[in-house]
Amino acid sequence: MKIHPMPVYKNYMRRNLFPPFYVAHFFIPSLHILYKMKIALIGYGKMGKTIEQVAIKRGHEIVLKISSANKQYTDAAHLKLADAAIEFTRPESARENVLKCLEAGINVVCGTTGWNETVEDACQFAINHNAAFLHASNFSVGVNIFFEVNKLLASLMNSQPEYSVAIEETHHTQKKDAPSGTAITLADQILSNISRLKSWGLNNADNSEILPITAHRIENVPGTHKISYTSAIDTIDIIHTAHNRDGFALGAVLAAEYIAGKKGIFTMKDVLGIK
Ligand SMILES: NC(=O)c1ccc[n+]([C@@H]2O[C@H](COP(=O)([O-])OP(=O)(O)OC[C@H]3O[C@@H](n4cnc5c(N)ncnc54)[C@H](OP(=O)(O)O)[C@@H]3O)[C@@H](O)[C@H]2O)c1
């Protein structure tokens with residue numbers, strides 16, 4: 001039996017739950033979703049608003065909503081009103097927001113993409129501050145399964161040099177970063193599995209050692225990622241198409257529920273139980 005780390009006792013006491021509930025959690029790790037969390041939403045744009053709807057449907061309460069106009073409230077006093085923070089803002093503000101939450105002792109789930117260089121830093125900060133942190137370039141359950149398919153296909157293609165590989169991603173025009181964080185995760189997985197490729201390049205198909213990523217920006221589309229392996233004989237495509245933002249929002253709320261009462265660094269693989 002896999003023993004899951006137990007939520008800290010004080011969280012149960014804060015919610016007026018009896019010790020038997022705590023004991024029951026030991027045997028039923030998903031029991032934590034039965035209690036209501038107080039959530040701080042840092043970033044109240046397209047994702048923040050969708051997460052709000054999903055969180056409320058799952059019985060949680062939103063106690064803080066932050067956007068650029070009221071970002072001065074991202075301080076310890078306000079953050080401590082929440083059990084967890086969910087951060088979806090912009091690449092330039094994500095690190096600072098995440099560190100503020102961790103410093104206040106609040107667990108954070110962050111979906112903001114485009115700040116990969118300093119995510120590692122934030123992980124170390126979370127460990128130093130005894131809090132939990134989960135960053136994912138994509139919270140959708142489907143995409144996380146797609147990641148596993150991508151790794152498997154790339155490992156099979158390592159010994160098939162006649163196939164060239166390319167990634168294409170399409171997002172809405174307001175998306176600030178390109179390529180998408182998801183495309184970068186897919187590219188990193190391919191690079192780890194195909195030894196003839198050395199790096200990825202945006203719109204760069206000139207060198208056989210570079211994995212080309214093409215980024216399209218089109219009005220009102222939630223996001224598509226396509227990986228193509230092409231030889232003179234045939235093409236294999238794998239495609240993930242998001243139909244709306246609900247999948248990302250649900251994944252972010254599931255992640256916040258999963259890290260409740262835990263400490264350390266987690267990934268969506270932990271949340272989804274992918275080995
Ligand atoms: N990981 C995933 O599964 C996933 C899925 C979808 C999107 N994303 C990423 O999530 C991020 C947000 O996406 P979105 O579509 O929700 O963007 P959005 O609609 O532009 O919303 C961004 C929000 O962040 C706020 N904000 C900007 N700077 C801030 C700061 N310094 N402090 C606090 N709030 C601030 C904005 O406020 P104002 O509008 O007032 O400026 C707005 O409310 C992007 O990086 C996107 O790529 C990730």
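Is the crossing of α3 and α9 left-handed or right-handed? Keep that in mind as you go through these notes on a predicted model.

1. Start with the answer: α3 and α9 cross in a right-handed way. Two packed helices are described by the angle between their axes and the distance between the axes. Here the angle is about 60°, and the axes lie 8 Å apart.

2. Now see who does the touching. From α3 you have Met 47, Thr 50, Ile 51, Val 54 and Ala 55. On the α9 side, the residues include Phe 248, Leu 250 and Val 253. Sorted by class, this contact has 9 nonpolar, 1 polar and 1 charged residues.

3. Next, the ligand. There are 28 residues around it, and Gly 45, Met 47, Ser 67, Ser 93 and Gly 111 come nearest. Two elements give two or more residues to this shell: α3 (46-57) and α5 (91-103). The largest share, 3 residues, comes from α3. As for class, the shell has 9 nonpolar, 15 polar and 4 charged residues.

4. Then look at the largest nonpolar core, which has 45 residues. Among those that touch the most other members are Ala 85, Val 109 and Ala 252. Helix α9 turns up again here, giving the largest share with 8 residues.

5. Skip its neighbours within four places in sequence, and its contacts include Ala 84, Leu 134, Ala 255 and Ile 259.

Note on methods. Residues numbered from 1 in each chain as written. Predicted model: local features only at pLDDT ≥ 70, side-chain atom pairs only at ≥ 80, totals over all residues. Near = placed C-beta within 6 Å. Helix = DSSP H or I, 4+ residues; strand = E, 2+ residues; numbered from the N terminus. Nonpolar A, V, L, I, M, F, W, Y, C, P; charged D, E, K, R; others polar. Axes fitted to C-alpha atoms, helices over the stretch in contact; angles between N-to-C directions. Left-handed = near helix turned anticlockwise from the far one by under 90°. Contact = placed C-beta atoms within 7 Å. Core = buried A, V, L, I, M, F, W, Y, C linked by C-beta atoms within 7 Å. Buried ≥ 20, exposed ≤ 12 C-beta atoms within 10 Å, placed from the backbone.
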